[in-house]
Amino acid sequence: LSAELVDKCIGSRIHIVMKSDKEIVGTLLGFDDFVNMVLEDVTEFEITPEGRRITKLDQILLNGNNITMLVPGGEGPEV
Amino acid sequence: MASGGGGGSGGAGKMADKEKKKKESILDLSKYIDKTIRVKFQGGREASGVLKGFDPLLNLVLDGTIEYMRDPDDQYKLTEDTRQLGLVVCRGTSVVLICPQDGMEAIPNPFIQQQDG
């Protein structure tokens, strides 16, 4: 059921919350059984200093080890 | 070391077939479906939401999730640092606690020790 939900999200915006105070927002291109994720047009947010980090493009592979939550269509802490 | 009986006395579960190694969950989450539960994660995050789905790996699908984060001064004050809108998927690999939202209350700290300087 959860894998289906993530699968429905492919091609649209997703917001990933890590175990640490870091969040990633991007377009979901794909994922695997371990929920490692390939994202595009990515913005990385650091929660405590409350500032946007880097806007990355050209696709990233996000290691699923540290992922805590996935929010389909989420925008993240856009201050 | 010979341990007596398949763990524990009384109780209904018989673990006779250890060879099969079935992926049985020790917690039946189906009784929490459509109920509000509280989830705690590694890293100190907490979330509450209505349980919509789950899998044997303990990934959870929560609806209407409220996420709380621990600031340095929060210290379990549960400030509402809400970030979620609607549906989230919680990774089972980082879940450490699941409990019903109803079945909990705040009590005074039973561990307080008076220290005489």
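1. Start with A:His15, whose bridge partner in strand S2 of chain A is A:Val25. Strands S1 and S2 of chain A run antiparallel and are joined by five bridges. Two strands count as a pair here if DSSP finds at least two bridges between them, and the strands themselves are DSSP runs (E, at least two residues; helices are H or I, at least four), numbered from the N terminus. A hairpin of three residues connects S1(A) to S2(A).

2. A word on the ground rules before you go on. This is a predicted model, in which local features need pLDDT of at least 70 and side-chain atom pairs count only at pLDDT 80 or more, while totals for chains, interfaces and linings use all residues. Residues are numbered from 1 along each chain as its sequence is written, chains are lettered from A and ligands numbered from 1 in the order in which they are written, and side-chain values use heavy atoms, with hydrogens and water left out.

3. Now follow S2(A) to its other neighbour. Eight bridges tie S2(A) to S3(A), again in the antiparallel sense, and A:Ile24 has A:Glu44 as its bridge partner in S3(A). The hairpin between S2(A) and S3(A) has five residues, and A:Val35 in the turn shows a positive phi of about 60 degrees. Is S2(A) enclosed or open? Seven of its ten residues are buried, so S2(A) is largely enclosed by the rest of the structure. Buried means under 20% relative accessible area, exposed means over 50%, and partly exposed lies in between (1.4 Å probe, protein chains only).

4. Strand S6 of chain A is worth a look too. S1(A) and S6(A) are antiparallel and share five bridges, with A:Val17 opposite A:Met69. S6(A) also pairs across the chain boundary: two bridges join it, antiparallel, to strand S4 (residues 88–90) of chain B, where B:Val89 stands opposite A:Leu70. Five of the six residues of S6(A) are buried, leaving this strand mostly covered.

5. Which residues touch the most other members of the largest nonpolar core? They are A:Ile14, A:Ile16, A:Ile24, A:Met37, A:Leu39, A:Leu62 and A:Leu70, out of 18 residues. A nonpolar core is a set of buried Ala, Val, Leu, Ile, Met, Phe, Trp, Tyr and Cys residues joined through side-chain atoms within 4.5 Å. Among the elements of chain A that each supply at least two residues of this core are helix H1 (2–8), strand S1 (13–18) and strand S6 (67–72). A second, separate core has 16 residues, including A:Val17, B:Val39, B:Phe41 and B:Leu51.

6. Not counting residues up to four places away in sequence, A:Ile24 touches several residues, including A:Ile14, A:Leu39, A:Thr43 and A:Leu62; contact means heavy atoms within 4.5 Å. A:Thr43 lies in strand S3 of chain A and is buried, at a relative accessible area of 10%.

7. How many residues does each chain bring to the contact between chain A and chain B? Chain A brings 25 residues and chain B brings 22 residues. Together they bury about 1800 Å², 61% of it on carbon and sulfur atoms; this buried area is the accessible area (1.4 Å probe) that two parts lose on being put together, summed over both.

8. One salt bridge is counted between the two chains, linking the side chains of B:Arg45 and A:Asp21 (3.9 Å, N to O). A salt bridge is a side-chain nitrogen of Lys or Arg within 4 Å of a carboxyl oxygen of Asp or Glu. B:Arg45 is buried at 2%, whereas A:Asp21 is partly exposed at 33%. Over all chains the count is seven salt bridges. Another of them joins B:Lys40 to B:Glu46, with the closest N and O atoms 3.9 Å apart. Salt bridges that share partners connect A:Asp21, B:Arg45 and B:Glu67 into one network.

9. Finally, the cysteines. There are zero disulfides over all chains, a disulfide being a pair of cysteine sulfur atoms within 2.5 Å. For B:Cys90, the nearest cysteine sulfur is that of B:Cys99, 13 Å away. B:Cys90 is buried at 0% relative accessibility, and B:Cys99 is buried at 15%.
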